[in-house]
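Below are my comments on the model, as numbered points. Please read them with the coordinates open.

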Amino acid sequence: MTAFLLLLLAPLFGGSVKWLKARLTHRRGASPLLEYRNLAKLWGKAWVRPTLSTPVFLLGPALALGGALAAASLLPLLPGPGFAGDFLVALYLLNLGRFFQMLSALDTGSAFGAQGSYREGLVTLLAEPGTLMALGAAALAGEGLRMAGFPVLGPQNALVLLLVLASLAVALLAEGARMPVDDPTTHLELTMIHEAQLLDHGGPLLALYELAASVKMLFYVGLMALLLPGPKVLVFLGLAAAWVLALGYLETFGVKLRYLRLPDFLSYNTLFGVLALLGAVWRF
Amino acid sequence: MSWPLLAAFLLVGASALAGRGRAYPWLLGAGGLGFLLGGGALWGGEASASGFFLMLLGLLTLGLAPYLPDYLAHHPKEARAYAGIVPLFLLAMAGVSLAPPGFAFLFLWEGMALLGYLLVALEGPKAQEGARAFFLASRLSGAGLYLAFLGQGHLGPDWVWAGLLLGFGVKAALFPFHLWLPLAHPVAISPVSALLSGAMTKLGLYGLYQAQAWFGPPPGWVGLALALLGFLGAVYALVRGLGEEDLKGALAYSSVENLGLMLAALGGYFLTGAPLFLAAFFLHQVGHALFKGLLFLGSGALAERRLSRLGGLWRQEPFLGSLWLLGVAVGAGLPPGAVFVAEWALYQGLFAASGFLVLGVGALALVGALALYFYVRLFGLAFLGAARAEVRPELSPGMRGGLLALAVPLGALSLLPDFFLKPLAQEVYPNWGVFPLLFLTLGLVRWLARRPHRAYGTWDCGFPRLSPRMQPNGLGFSEPALRLFPFLRLEVGERPRLEEPLAGVYRQLGKAYSRFARLVQTLQSGSLHFYLLLQLLTLVVVLGVVLL
């Protein structure tokens, strides 16, 4: 159920960020709804197969979206399956997509694809432990080690949950390949992380990848929404709108970090994660 | 002993005598089936660790039976010796897992170590260093076991367990005694590497697990040490493996990583007694044996194993590529693979534990991310992209059969981990739920493949003549990650090199030992009178000790 919701909203989310960024730079900007038509157009196109490629080339986009949607289906915004440890499965399902995306980039035999591939690996390496520890802290503070049992922000657990929220915010920037980790609008292959892996994917394959990127970001927004008080779906929609604003401003007025400085930024994620976990264990 | 096990021992023994005749694979395969059935009955009945190990050994033997004769046909040197020693090695391992603690166990343990050493050393001069490392590690392991077995009843549990930790830990590649494994395992021929990594290392784990029944519950520090060193070893091995150029060497480092996680799970079990840790411990073992066996057997088809020389193997041999992809995806700890299910159980156990053990979650997540990076590098550089050198994989039908015989149980185990874990009375999450996703994805891939598309050159940024050498090489791919970890020094430049200070420490120790040995050598004067004098002195000292 939640997966359908996220799939439906994903193009709107991406389109809104693009529209806001255009407005902030004094352009008129295309309607946020254009993204739907763009995806439909891409879906109808033929795709290009690099001569060196193998079936792994197609597995990349298919599993990137499949993994993200499977992870989203475990998110208890709407009623759906849930079990102890479901947040671990969800995070690793995102990893499943990432694994095949990285392989798919190597499959073209391109130097740029390979560069994007190992950079993505580095970002994962830096972001994943913190994110997992933060989610673990939320699960320990809640009931049953499951996402449906995550606690909501209140005075008794404010410190832990604020740390978790901060960690998830950093994770969203890293996983969604947004500034300051990556620049989604860069035109220079040498500086790309996420886009470098999609250079040779066109038509429906590109559509799958773009959808997957937006669904992944919305998944993190959904995780944050679980921790805030109020009716889940409404909180989620409000938080998504807030993130559109945040991303629009961040990417208009911020700059991308130098690639070698990424560990400095992403180590905050690990720090938040460790502190949140320790806080959850000793019940601060 | 149940009759399938008895039959298995006889059949495998007969195959050792049969040499390389036509009956060889059938004898070996039937023996493997016997181990599987007999072990499975023991495991299903009373959750016995011996039965578990026999089952695992049976699975590997079933894969090896069709593979080995075909592989040896391509490897005429020493083929007869390999064909004879491999079954004996299997028998020794099965014997170790059934032997009662005491003389029989130690005898079989040393016999197994000796046969394993022979199998590594048979590969000739280029395996010399690895064989020596294997031998020294076996001696160290033996020393620890003698301390524990002979000291039982005389020494306190602390000493006994220290001996056990050394004796079994060295075999299971416990950090920092793991350095021998990546030296010894990759230099052997691939089927032997599969047996060493897949089965023999598990006997170290088996010993540690059984020791609580034999020697009484471990003192608290044992569990803590296992958990700490396990996680440390897993991270260390993966990072070191990221700098490894040899395909099989990298697989050996990954074995150290997986063993580290299993040791950590066992440590958690010793500390808390939670069945989740046991589920992780056993499931990870069988998952690792199958996927590592698959990868090692698959790498036997390659004449060239340097990552920076490989590339594009999938297009030459899609069968090998797709089975390797299965093994690699399971090894990277991705759902729904069996290794992920084991890691999930370990996570759950860590969350349920209290105190500092919870921080293991962070270590495990780091291992997960590193494994992702590690296996993308291994598979992507070797099997995808443009070929960097002319390498033709050679797979005969028997070798294909052996690979399939490991891949099918691996898939079944991932599909139904609960069936396997039934004896432990510990359930895991509903893993089959992931399979609809995989089927839908494969359907999507099929649909996309039928959509109109055209072949075109890879995007080259507008500059013509993309060359295969523009792809990152083995060290280039992992350079950003290697920078992050201070325990390795990466020298970039004309000849990039990776330095490992820990290995330097061992080299210094080795030199000091050689110096000491030379000092002792002066006793070896060759004079009979001097030897007689020494014997007399020994007698006097011993008598003195006994009488006083």
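1. A:H26 is exposed, because 7 other C-beta atoms lie within 10 Å; the cut-offs are 12 or fewer such atoms for exposed, 20 or more for buried and partly exposed in between, with C-beta atoms placed from the backbone. The residue sits in the loop between α1 (2–24) and α2 of chain A. A:H26 has a positive phi of about 60° although it is not a glycine. Helices (H or I, at least four residues) and strands (E, at least two) are DSSP runs, numbered from the N terminus.

2. This is a predicted model, in which local features need pLDDT of at least 70 and side-chain atom pairs count only at pLDDT 80 or more, while totals for chains, interfaces and linings use all residues. Residues are numbered from 1 along each chain as its sequence is written, and chains are lettered from A and ligands numbered from 1 in the order in which they are written.

3. A:L145 also calls for a look at the backbone: its phi is positive, about 55°, and the residue is not a glycine. A:L145 belongs to the loop between α5 (111–141) and α6 of chain A. It counts as buried because it has 21 C-beta neighbours inside 10 Å. As background, most residues other than glycine have a negative phi, and most peptide bonds are trans.

4. One runs from A:M179 to A:P180, with omega near 0°, and A:P180 is in the loop between α6 (158–175) and α7 (194–197) of chain A. Another runs from B:F175 to B:P176, again with omega near 0°; B:P176 is in the loop between α7 and α8 (180–184) of chain B.

5. In chain A, the axes of helix α2 (residues 34–44) and helix α8 (residues 204–226) come within 7 Å and cross at roughly 145°. Axes here are lines fitted to C-alpha atoms, for helices over the stretch in contact, and angles run from 0 to 180 degrees between N-to-C directions. On the α2(A) side the contact is made by A:L39, A:L42 and A:W43, and on the α8(A) side by A:P204, A:L206, A:A207, A:E210 and A:L211; two residues are in contact if their C-beta atoms, placed from the backbone, lie within 7 Å. By class these residues are 7 nonpolar, no polar and 1 charged. Ala, Val, Leu, Ile, Met, Phe, Trp, Tyr, Cys and Pro count as nonpolar, Asp, Glu, Lys and Arg as charged, and the others, Gly among them, as polar.

6. In chain B, helix α6 (residues 128–151) and helix α7 (residues 157–171) pack at an angle of about 150°, with their axes 7 Å apart. The pair is therefore roughly antiparallel, a label for angles over 145 degrees, with under 35 counted as roughly parallel, 65 to 115 as roughly perpendicular and the rest as oblique. Residues of α6(B) in the contact include B:A137, B:L140 and B:G144, and those of α7(B) include B:W159, B:G163 and B:V170. The contact has 10 nonpolar, 5 polar and 1 charged residues.

7. Chain B as a whole has 22 helices and 3 strands. Its radius of gyration is 24 Å, close to the 24 Å that the globule rule gives for 548 residues, so chain B is as compact as a globular protein of that length; the radius is taken over C-alpha atoms, and the rule is 2.2 Å times the number of residues to the power 0.38. Of the 548 residues, 55% count as buried.

8. At the interface, 62 residues of chain B are in contact with 61 residues of chain A. The largest share of the chain B side, 12 residues, comes from α16(B). That side divides into 44 nonpolar, 15 polar and 3 charged residues.

9. Leaving aside neighbours within four places in sequence, A:F99 is in contact with B:A329, B:A332, B:L334, B:L372 and B:V376. A:F99 counts as buried, with 30 C-beta neighbours inside 10 Å.

10. B:L295 is in helix α12 (residues 275–299) of chain B and counts as buried, with 32 C-beta neighbours inside 10 Å. Beyond four places in sequence, its contacts are B:L251, B:W324 and B:G327.
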